[in-house]
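Subject: Structure for your review

Dear colleague,

Please find below the structure that I am handing over to you. My notes on the ligand site and on the strands follow it.

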Amino acid sequence: MRSLNEPIRDWRRRRVWIVGASTGIGASLAHALLRAGARVALTARSAAALEEIARAAPDDVLVLPADVTDAKGLRRAHDQLMARWEGIDLVIWNAGTYTPMRAHEFDLDAALHTLDTNLTAVYNGLSVALPTLIRQRQGGIALVASVAGYRGLPRSLAYGPSKAALHNLAESLYMDLHPLGVSTYLINPGFVRTRLVARNDFHMPALIDPDQASAHILEGLAAGRFEIHFPSRFTRALKLLRLLPYRAYFALVRSYTGSDAAPAQRAHDALR
Ligand SMILES: NC(=O)c1ccc[n+]([C@@H]2O[C@H](COP(=O)([O-])OP(=O)(O)OC[C@H]3O[C@@H](n4cnc5c(N)ncnc54)[C@H](OP(=O)(O)O)[C@@H]3O)[C@@H](O)[C@H]2O)c1
């Protein structure tokens, strides 16, 4: 069967813009791509962390600090990249944030911040990257979403919907961009040991390290997959859960996560 996207196996001199490159999966991807011979442009808010990565290969790295929620700053970063490299072979949109949130702890500011960072900012990115990719009729864009976007989960009132929207967005992009010669990749990691999940106080099944995550991503890109999900021992089970009717899905998730009415009841009692 033909792959859905152009397989990327040879990274030498490829121009990759990693947005959300300062820590975790993004930083690990930057190191892996540099080792494979790519040129990488690094964007995140923490300029010092980006400079630190650049030290490994100063000639092949562009440091372009920006806040993804600031559309003008992002455009400046894009324009600087184009002025230096005159094109982009792959955008990896990896920036994201996570605040666990349940209904009885609803926090509007935190919810809107999550949606701004994980979803609205992607549109800031598309507004600068799409014209370039379409003009080139070559290259691709990879959206890092999450398996948390497959179905509703406890503690995920803002994060889950922000990532579910990226699934839908990537599918729409694929259908528009593929005929134009531009690839779209949807990256759905399971649990990865980064600062993002450091606050999780529950057992995270099949937890992997950022270097394992970046290896899975490069493997998926080399195969030209549309959806790159990992680790498969975890993500295959989650994909099966997608097929369950609601009654069975709610019961199974509740029994696995132990998520019941007790915390909400305790919060309610404390308020009385
Ligand atoms: N860890 C997991 O288990 C897991 C699972 C599924 C999906 N993911 C997704 O994987 C991606 C990477 O997460 P990670 O686990 O590697 O976490 P991380 O170490 O916290 O990395 C998040 C990255 O996003 C950047 N970022 C956040 N807000 C930003 C903003 N407003 N402007 C620019 N950059 C911003 C951060 O840089 P600055 O703070 O320097 O700006 C950092 O480089 C996220 O999209 C996350 O949702 C993670």
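The model is predicted, with local features requiring pLDDT of at least 70 and side-chain atom pairs counting only at pLDDT 80 or more, while totals for chains, interfaces and linings use all residues. Residues are numbered from 1 along each chain as its sequence is written, and side-chain values use heavy atoms, with hydrogens and water left out.

The ligand site

Thr 23 places a polar side-chain atom 2.7 Å from an oxygen atom of the ligand. A polar backbone atom of Val 68 is 2.9 Å from a ligand nitrogen atom, and a polar backbone atom of Asn 94 is 2.8 Å from a ligand oxygen atom. The ligand taken alone exposes 880 Å², of which the protein buries 97%; accessible areas come from the Shrake-Rupley method with a 1.4 Å probe, and for residues only the protein chains shown count as cover.

Helices (H or I, at least four residues) and strands (E, at least two) are DSSP runs, numbered from the N terminus.

Buried means under 20% relative accessible area, exposed over 50%, and partly exposed in between (1.4 Å probe, protein chains only). Strand E5 (residues 140-144) is mostly covered, with five of its five residues buried. Gly 140, Ala 142 and Val 144 point one way from E5, whereas Ile 141 and Leu 143 point the other way.

Strands are taken to pair if DSSP finds at least two bridges between them. E5 runs parallel to strand E4 (residues 90-93), to which four bridges join it, and Leu 90 stands opposite Gly 140. Five bridges join E5 to strand E6 (residues 183-189), also in parallel, and Val 144 stands opposite Ile 187 there. E6 is in turn joined to strand E7 (residues 227-230) by four bridges, again parallel, with Ile 187 opposite Ile 228.

Crossovers and two helix residues

A crossover is right-handed if, with the strands pointing away from the viewer, the path from the first strand over the helix to the second runs clockwise. E4, helix H4 (residues 108-136) and E5 form a right-handed β-α-β unit. The β-α-β crossover from E5 through H5 to E6 is right-handed, whereas E6, helix H6 (residues 210-223) and E7 form a left-handed unit.

Asn 118 lies in H4 and counts as buried because its relative accessibility is 1%. The Asn 118 side chain reaches the backbone nitrogen of Thr 97 at 2.9 Å. Leu 173 lies in H5 and, at 9% relative accessibility, is also buried.

With kind regards

Definitions and conventions
A polar contact is a pair of N or O atoms within 3.5 Å; within protein, one must be able to donate a hydrogen and the other to accept it, and residues adjacent in sequence count only if both atoms are side-chain atoms.
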